Amino acid sequence: ARAALTLYEAGGDPLLLDRAEAWVAVLDAHYWDDENGGYFFTADDGEDLIARPRTIVDSATPSGNGAMVGVLARLYYLRGKESHRQRAEAVIAAFAPEVGRNFASLPTLLSSSECLAGAAQVVIVGEPGEAASQAMLQAAWQAPLAHRVIQRLSPGQKLPSGHPAAGKVQINGRATAYVCRGPECSLPLEAVEDLTAELAA
């Protein structure tokens with residue numbers, strides 16, 4: 001799901017966004033711990049085990065629960081569904097006591113929580129493949145930000161009503177970018193230099 005979201009941000013194929021959301025729905029249906037919150041490592045319709053593991057500690061690979069907070073955060077920003085944000089917050093709450101006991105082993109959870117709390121949302125409105133749009137996309141990826149969520153829109157394509165950039169449009173027929181932090185967005189940015197400066201602010 002995380003890979004699909006990254007590819008969506010890079011290429012703008014909406015099928016990838018749908019695919020990521022469908023995978024999350026499978027996790028919610030078969031891996032969610034209704035009693036304690038968080039996700040089990042095994043499905044409820046899989047092999048019977050003495051105990052179903054449910055961890056938050058990173059090891060050789062990132063923790064599944066920590067990674068899911070990041071996936072849910074990005075889906076919330078991209079789709080504007082409160083259910084994704086609420087589920088991410090539920091995972092954080094389920095494992096919050098671990099932060100006080102052993103925060104050094106929880107970098108994925110901590111990083112994903114920071115993404116949920118305040119990722120910069122970059123919305124680029126312009127024709128797909130247009131040189132100006134591609135230049136803005138490259139600037140967004142190159143900005144020194146720990147957490148950014150990139151949304152590429154064709155002229156006339158609409159964002160969810162709850163998105164802070166909902167209703168924002170292309171200016172003067174040129175590729176236009178908006179940078180949103182929380183509920184507020186920048187003025188329309190028509191030059192790559194202006195987008196770079198806004199992202200560095």
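1. Y77 is buried, at 9% relative accessibility. Buried means under 20% relative accessible area, exposed over 50%, and partly exposed in between (1.4 Å probe, protein chains only). This is a predicted model: local features need pLDDT of at least 70, side-chain atom pairs count only at pLDDT 80 or more, and totals for chains, interfaces and linings use all residues. Residues are numbered from 1 along each chain as its sequence is written, and side-chain values use heavy atoms, with hydrogens and water left out.

2. There are two aromatic pairs in the structure. Rings of Phe, Tyr and Trp (its six-membered ring) pair if their centres lie within 6.5 Å; planes under 30 degrees apart are stacked, over 60 edge-to-face, and the rest tilted. W32 and Y39 are edge-to-face, because their ring centres are 4.9 Å apart and their planes stand at 75°. Y39 is buried at 4%. W32 is buried too, at 13%. Y76 and Y77 make a tilted pair, with 5.6 Å between centres and 45° between planes.

3. W32 also has R87 over its face, 3.8 Å from the ring centre. The charged end of R19 sits over the ring of W23, 4.9 Å from its centre. The test is NZ of Lys or CZ of Arg within 6 Å of the ring centre and within 35 degrees of the ring normal.

4. Now the strands. Strands (E, at least two residues) are DSSP runs, numbered from the N terminus. Five of the six residues of β3 (residues 176–181) are buried, so this strand is largely enclosed by the rest of the structure.

5. Two strands pair if DSSP finds at least two bridges between them. β1 (residues 120–125) and β3 run antiparallel, joined by five bridges. I124 stands opposite A177 in β3.

Definitions and conventions:
Helices (H or I, at least four residues) and strands (E, at least two) are DSSP runs, numbered from the N terminus.
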